[in-house]
Amino acid sequence: MSDDMASLRTAKKELRRHIRQTLSHVSEHSVQTQSQAASETLLSLPEYRSAKRISVYLSMPKGELSTRSIVAEALRNGKEVYVPYIHKVTPPTNQCPASVMDMVALRSHEDFVGLQPDAWGIPTPSEDSIVHRKCCLIQQHPEHTNAGISGEKSNLELVIMPGIAFDHKLDRLGHGRGYYDRFLSQYQRSLKNASSPENQMPFLVGLALEEQILPVGQEVPTNASDWRLDALIVGAKPVRRR
């Protein structure tokens, strides 16, 4: 590992520690209030209204904006809703770590409310249900080859992303596993390999608590592998766009 990469990892680790400490003092009432306001703003975005297929992170029990009402409303609106699914890769390589993230479709509101929490308390599709779901990076799920949805890859139009910290340039700091940045890079490559000229990257929206925004003049440490947002919604504040 180069000195620059080591310094970047150290800076990210320290910023995560600082923001997590700050978030530990945010009340549940404040999270609920900010979540409601941010959800209303998200649902009013023209990019959301026009999208037929969206991806939404499923929120942890505390420390980040809740997306439950966004998912429920999107399903009521007849949109195809995709949620993160993390699975192991065998064997891992330098280019592909031991676990990666794909986006898989929810089948209904009943499907959504029936999801069980993982070790982080995040509602997650069960492993045995994946073969019956649409996904975005289908080549990573060899079990689909014998399924009824074999080869059915879905293009997303909007991706709603979490994070630990965000800055005024719309850079984000994730939780440290690189799942979203790696997924977006793989997704971009899959679009380039597709034949349709209509394929394009989805609109990237971050959701943040006010306490997750860095002061003006302070920036999230990033490199070329980190994806910048197209828009950021912070609690009850106006949408920030690039």
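User: Which element gives the most to the lining of the largest pocket?
Analyst: In this predicted model, that element is α6, which contributes seven residues to the lining of the largest pocket.

User: And which elements supply at least two residues each to that lining?
Analyst: They are α1 (3–23), β2 (80–88), β5 (123–124), β8 (172–173) and α6 (179–193).

User: How much space lies in the largest pocket?
Analyst: The largest pocket holds about 1,400 Å³ of space. Its lining consists of 40 residues, and the closest to the centre of the pocket are Gly176, Arg177, Gly178, Tyr179 and Tyr180.

User: How do the lining residues of the largest pocket divide into nonpolar, polar and charged?
Analyst: There are 18 nonpolar residues, ten polar residues and twelve charged residues in that lining.

User: Let us turn to the second largest pocket. How much space lies there?
Analyst: The second largest pocket has about 740 Å³. It is lined by 32 residues, of which Met60, Pro61, Lys62, Gly63 and Glu64 are the closest to its centre.

User: Which elements give two or more residues to its lining?
Analyst: Three elements do: α1, α2 (28–44) and α4 (68–76). The largest share comes from α2, with seven residues.

User: What is the make-up of that lining by class?
Analyst: The lining of the second largest pocket comprises eleven nonpolar, 15 polar and six charged residues.

User: A change of topic: what is the phi of Leu170?
Analyst: Phi of Leu170 is near 75°, which is a positive value in a residue other than glycine. As background, most residues other than glycine have a negative phi.

User: Where is Leu170 placed?
Analyst: Leu170 sits in the loop between β7 (165–166) and β8.

User: Is Leu170 buried or exposed, and why?
Analyst: Leu170 counts as buried because its relative accessibility is 2%, and the cut-off for buried is under 20%.

User: What about the whole protein: how many helices and strands are there?
Analyst: The protein has six helices and eleven strands.

User: How many residues are in the protein, and what percentage of them is buried?
Analyst: The protein has 242 residues, and buried residues make up 48% of them.

User: What share of the contacts with a separation of 6 or more comes from residues 24 or more positions apart?
Analyst: Such residues account for 69% of those contacts.

Definitions and conventions
Residues numbered from 1 in each chain as written. Predicted model: local features only at pLDDT ≥ 70, side-chain atom pairs only at ≥ 80, totals over all residues. Heavy atoms only, no water. 1 Å grid on protein atoms, 1.4 Å probe; cavity = no way out; pocket = protein on both sides within 12 Å on 5 of 7 lines; lining within 4 Å. Points joined across faces, edges and corners; volume = space filled by probe spheres on them. Helix = DSSP H or I, 4+ residues; strand = E, 2+ residues; numbered from the N terminus. Nonpolar A, V, L, I, M, F, W, Y, C, P; charged D, E, K, R; others polar. Buried < 20%, exposed > 50% of the residue type's maximum accessible area, 1.4 Å probe, protein only. Contact = heavy atoms within 4.5 Å.
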